[in-house]
Amino acid sequence: MPTGSSRAAAISSRSRGEAAAYGVLTHHFFGQAFIEMLMVGTSWRRRGLAGTLIAHFQSMSSGAKLFSSTNMSNRPMQDLLVKAGFRPSGYIDNLDENDPEIVFYSPPKSSVT
């Protein structure tokens, strides 16, 4: 992967010609890897696609910090991140009115050789 803060990756999952899920990994969050977007189509939820995308981004970031965030009101995403090994790292007020953004952190994972 090229160096610099402009690195980004978009991964999508398709089934029967239909976009089922996608995720976007950037390095714009203080120069750290950040899962900026993770979306799963309504009819494709609860099938492990989001977890698979997160695991792929974790493998791409092996040995480096990885962050993501979600609103306090988005409990399913919070649960998914915790299940994937992320832990809360802080929160940001005033992005969405009365719905703080929780920042999550996945510790660096060393490469298994």
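The model is predicted, so local features need pLDDT of at least 70 and side-chain atom pairs count only at pLDDT 80 or more, while totals for chains, interfaces and linings use all residues. Residues are numbered from 1 along each chain as its sequence is written, and side-chain values use heavy atoms, with hydrogens and water left out.

**The nonpolar core**

- The largest nonpolar core has 18 residues; such a core is a set of buried Ala, Val, Leu, Ile, Met, Phe, Trp, Tyr and Cys residues joined through side-chain atoms within 4.5 Å.
- Buried here means under 20% relative accessible area, with exposed over 50% and partly exposed in between (1.4 Å probe, protein chains only).
- Leu25, Ile35, Leu38, Ile54, Leu66, Leu81 and Phe86 touch the most other members of this core.
- At least two core residues come from each of strand E2 (18–29), strand E3 (32–40), helix H1 (49–60), helix H2 (75–83) and strand E6 (101–106); helices (H or I, at least four residues) and strands (E, at least two) are DSSP runs, numbered from the N terminus.
- Not counting residues up to four places away in sequence, Ile35 touches Val24, Leu25, Ile54, Phe57, Leu66, Phe67, Ser68 and Phe86, where contact means heavy atoms within 4.5 Å.

**Aromatic pairs**

- Four aromatic pairs turn up in a search of the whole structure; rings of Phe, Tyr and Trp (its six-membered ring) pair if their centres lie within 6.5 Å, and planes under 30 degrees apart count as stacked, over 60 as edge-to-face and the rest as tilted.
- Phe29 and Phe67 make a tilted pair, at 5.3 Å centre to centre and 50° between the planes.
- Because Phe29 lies in strand E2 and Phe67 in strand E4 (residues 66–71), this pair ties together parts that are 38 residues apart in sequence.
- Phe29 counts as partly exposed at 22% relative accessibility, whereas Phe67 counts as buried at 11%.
- Phe67 also forms a tilted pair with Tyr105, at 5.3 Å centre to centre and 45° between the planes.
- Tyr105 lies in strand E6, so its pair with Phe67 in strand E4 ties together parts that are 38 residues apart in sequence.
- Tyr105 counts as buried, at 17% relative accessibility.
- Phe29, Phe30, Phe34, Phe67 and Tyr105 are linked into a cluster by ring pairs.

**Ser68**

- Ser68 is found in strand E4 and is buried, with a relative accessible area of 1%.
- The Ser68 side chain reaches the backbone oxygen of Ile35 at 3.2 Å.
- Leaving aside neighbours within four places in sequence, Ser68 is in contact with residues including Phe34, Ile35, Met77, Leu81 and Phe86.

Key:
Polar contact = N/O pair within 3.5 Å; in protein donor to acceptor, adjacent residues only side chain to side chain.
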